[in-house]
Amino acid sequence: MMRAHYSKYGHLNNVLYFDCTKVLPAFSFFDIRDQLDAGIPRTTAVEDSVDHYLEILGQVMGTERFERAVRSPDIIRYMVKALYDPVNGDDAFSHRDLHAALRQLHERQTAPAVSDPDLEKMLAGVTANSARSFDEIMQGVANRIEKIPIDQRLAAIFDHVPEEGDPHFDLVDYLDEN
């Protein structure tokens, strides 16, 4: 990247270089706390997170193959939103948490509690399928989300959730610099 920057601009002024053999940036994918602290509406932060996650899953799996099971991306979207629910969810969670919630949905065929009545109806519509249809749909969901933990590089990003006071190096600390 530094060579590309130098080639384009002819200098490396204002380039911040972090030696990742000494310090690894803390990146928490399912964490909207910074956006909320910056005044971004919760709905926008959640929608952005969901959209980016689905984009990444599509890229990892291949867009055509990812979209082949039409209901699977919808259910993934619903469940990520459910985990961000302002009453029953959280502002930050790991991919393991999402996987566990989807596994629980599959095993019990009951939707998690959510405060949004529209989301509640959509989740209820998913669980109202026959056991066989529901099982097939949920297998499609599992096939998609399991692409993340199988790749250790992605798993490290999607399972990191910093706790208050954890030592960390966060790129957000540098985004406001000129």
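Lys and Arg are counted here as positive and Asp and Glu as negative, whereas His and the chain ends are not counted; each charge is placed at NZ of Lys, CZ of Arg, CG of Asp or CD of Glu. On this basis, the protein chain carries 18 positive and 31 negative charges, whose mean positions lie 9 Å apart. The structure is a predicted model, in which local features need pLDDT of at least 70 and side-chain atom pairs count only at pLDDT 80 or more, while totals for chains, interfaces and linings use all residues. Residues are numbered from 1 along each chain as its sequence is written, and side-chain values use heavy atoms, with hydrogens and water left out.

The protein chain contains ten helices and zero strands, with helices (H or I, at least four residues) and strands (E, at least two) taken as DSSP runs numbered from the N terminus. Along the principal axes, the C-alpha atoms fill a box of roughly 60 × 35 × 25 Å. Of the 178 residues, 32% are buried, where buried denotes under 20% relative accessible area, exposed over 50%, and partly exposed the range in between (1.4 Å probe, protein chains only). Among contacts (heavy atoms within 4.5 Å) with a separation of 6 or more, 69% involve residues 24 or more positions apart. The accessible surface amounts to about 11,500 Å², and carbon and sulfur atoms contribute 50% of this area; accessible areas come from the Shrake-Rupley method with a 1.4 Å probe, and for residues only the protein chains shown count as cover.

Two residues were examined in the loop between α1 and α2. Together with M2, Y6 and L12, Y17 makes a nonpolar surface patch of about 430 Å². Patches consist of residues with over 30% relative accessible area and no salt bridge, like charges being joined within 9 Å and nonpolar side chains (Val, Leu, Ile, Met, Phe, Trp, Tyr) within 5 Å; a salt bridge is a side-chain nitrogen of Lys or Arg within 4 Å of a carboxyl oxygen of Asp or Glu. F27, in the loop between α1 and α2, is partly exposed, with a relative accessible area of 45%. When residues up to four places away in sequence are not counted, F27 touches I157 and H160. The C-alpha atoms of F27 and H160 are separated by 6.8 Å, although these residues are 133 apart along the chain.

A surface patch of negative charge is formed by D90, D97, E163, E164 and D166.
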